[in-house]
Amino acid sequence: MTRILLLGGTTEAMKLAATLADYQVDAVFSYAGRTNNPVEPPLPTRVGGFGGVDGLRQYLRDEGITHVVDATHPFAAQMSQNAVEACTAEGIDLCALERGPWRNKPGDSWKNVTDMAGALAALPDSPRRIFLAIGRQHVAEFAAKPQHHYLLRLVDAPESDLPVPNASVVLARGPFDLAGDRALLQEHKIDLIVAKNSGGVGARAKLDAARELGIPVILIDRPHIPTRPIMRTVTDVMDWLDHALEADGLA
């Protein structure tokens, strides 16, 4: 019988979870648990890491997993790499549900960099008001340039002092829209945006607002992840699963 491990953390993962639940597919939803009060998926869940590749392999065996869908964030490279290695070693089918990267449009002023260090190096020396749209994990790296004022948009309030000395925090959970992000950039007099190329619709609004307002963007490229089948939509994943679910009488 088919049993699916869905590695979540994105809007797309929640949509797939809802579809799997509708079809009454035997599936487990796993997420890292980095935010408080996350939206609960309509599937049995587990929270936290697996303990590296070996821990994930043990979990796959113990739980009788037959298929893995990696619908983690495009920048969750370590989890994705672990999934490729573990599934290859265990002979388990794997695909990724991955949103396509953002592409620039006429009027965009983007500087693409390969990683967080590249983004830091690309910041100007003179003080600027910067929307640091990278989540909270890498904020400390920007303490190396304390002359800037940083705007952070976080899901949860910081539990301790921020590692950058001059910062503002806005608490909000996406998806975001153009009008709201335009107002945010204007209210905080933002001169520059630093963002990850996460792709998707819910976080694109800041880039569209930046284009309208003539604000430059430093865009961090996605990390390298080993080759695996990539699906762009929930329908694509269900088609990929179709043979197994048909054998179970669910497709």
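Q: How many bridges join S5 to S12, and how do these strands run?
A: Strands of a sheet pair through backbone hydrogen bonds, either parallel or antiparallel. In this predicted model, S5 and S12 run parallel and are joined by two bridges. Ala96 stands opposite Ile230 in S12.

Q: In what order do the strands of the open sheet lie?
A: The order is S3-S2-S1-S4-S5-S12. That makes an open sheet of six strands, with parallel pairing.

Q: Which strands are the edge strands?
A: They are S3 (45-47) and S12 (230-231). Each of them pairs on one side only.

Q: Which residues of the largest nonpolar core touch the most other members?
A: Start with the general idea. In soluble globular proteins, nonpolar side chains tend to be buried together. Here the largest nonpolar core has 21 residues. Leu6, Leu16, Leu20, Val69 and Val237 touch the most other members.

Q: Which elements give two or more residues to this core?
A: Three are strands: S1 (4-7), S2 (27-31) and S5 (93-97). The others are helices H1 (11-22) and H7 (234-247). H7 gives the most, with five residues.

Q: What does Leu6 touch?
A: Leave out residues up to four places away in sequence. Leu6 then touches Ala13, Leu16, Ala17, Leu20, Val28, Phe29, Ser30, Leu43, Val69 and Ala71.

Q: Which residues does the second, separate core include?
A: Phe75, Met116, Leu154 and Val194 are among them. This second core has 19 residues.

Q: How many disulfides does the count come to?
A: Check the sulfur distance against the cut-off of 2.5 Å. The count comes to zero. Cys87 is in no disulfide, and its nearest cysteine sulfur, that of Cys95, is 9.9 Å away. Cys95 is in no disulfide either, with the sulfur of Cys87 as its nearest.

Q: Is Cys87 buried or exposed?
A: Cys87 counts as buried because its relative accessibility is 2%. Cys95 is buried too, with a relative accessible area of 0%.

Q: How many aromatic pairs does a search of the whole structure find?
A: A pair of aromatic rings is described by the distance of the centres and the angle of the planes. The search finds three pairs. One of them is Phe50 with Tyr59. The centres are 5.2 Å apart, with 65 degrees between the planes. That pair is edge-to-face. Phe50 is buried at 14% relative accessibility. Tyr59 is buried as well, with a relative accessible area of 15%.

Q: What lies over the face of Tyr59?
A: Arg46 does, at 5.3 Å from the ring centre. Likewise, Arg153 lies over the face of Phe176, at 3.6 Å from the ring centre.

Q: Which residues of helix H6 are buried?
A: First, the helix rule. An α-helix has 3.6 residues a turn, so residues three or four places apart point the same way. In H6 (residues 205-213), the buried residues are Ala205, Lys206, Leu207, Asp208, Ala209 and Ala210. The elements covering them include strands S6 (110-113), S7 (129-133), S8 (149-154), S10 (192-196) and S11 (217-220), and helix H5 (178-187). Just after H6, Gly214 takes a positive phi of about 70 degrees.

Q: Where is Thr72 found?
A: Thr72 is in the loop between strand S4 (67-70) and helix H3 (77-90). Its relative accessibility is 12%, so Thr72 counts as buried. Beyond its neighbours within four places in sequence, Thr72 is in contact with Leu7, Gly8, Thr10, Met79 and Ser80.

Methods:
Residues are numbered from 1 along each chain as its sequence is written. This is a predicted model: local features need pLDDT of at least 70, side-chain atom pairs count only at pLDDT 80 or more; totals for chains, interfaces and linings use all residues. Side-chain values use heavy atoms; hydrogens and water are left out. Buried means under 20% relative accessible area, exposed over 50%, partly exposed in between (1.4 Å probe, protein chains only). A nonpolar core is a set of buried Ala, Val, Leu, Ile, Met, Phe, Trp, Tyr and Cys residues joined through side-chain atoms within 4.5 Å. Helices (H or I, at least four residues) and strands (E, at least two) are DSSP runs, numbered from the N terminus. Contact means heavy atoms within 4.5 Å. Rings of Phe, Tyr and Trp (its six-membered ring) pair if their centres lie within 6.5 Å; planes under 30 degrees apart count as stacked, over 60 as edge-to-face and the rest as tilted. A charge sits over a ring if NZ of Lys or CZ of Arg is within 6 Å of the ring centre and within 35 degrees of the ring normal. Two strands pair if DSSP finds at least two bridges between them.
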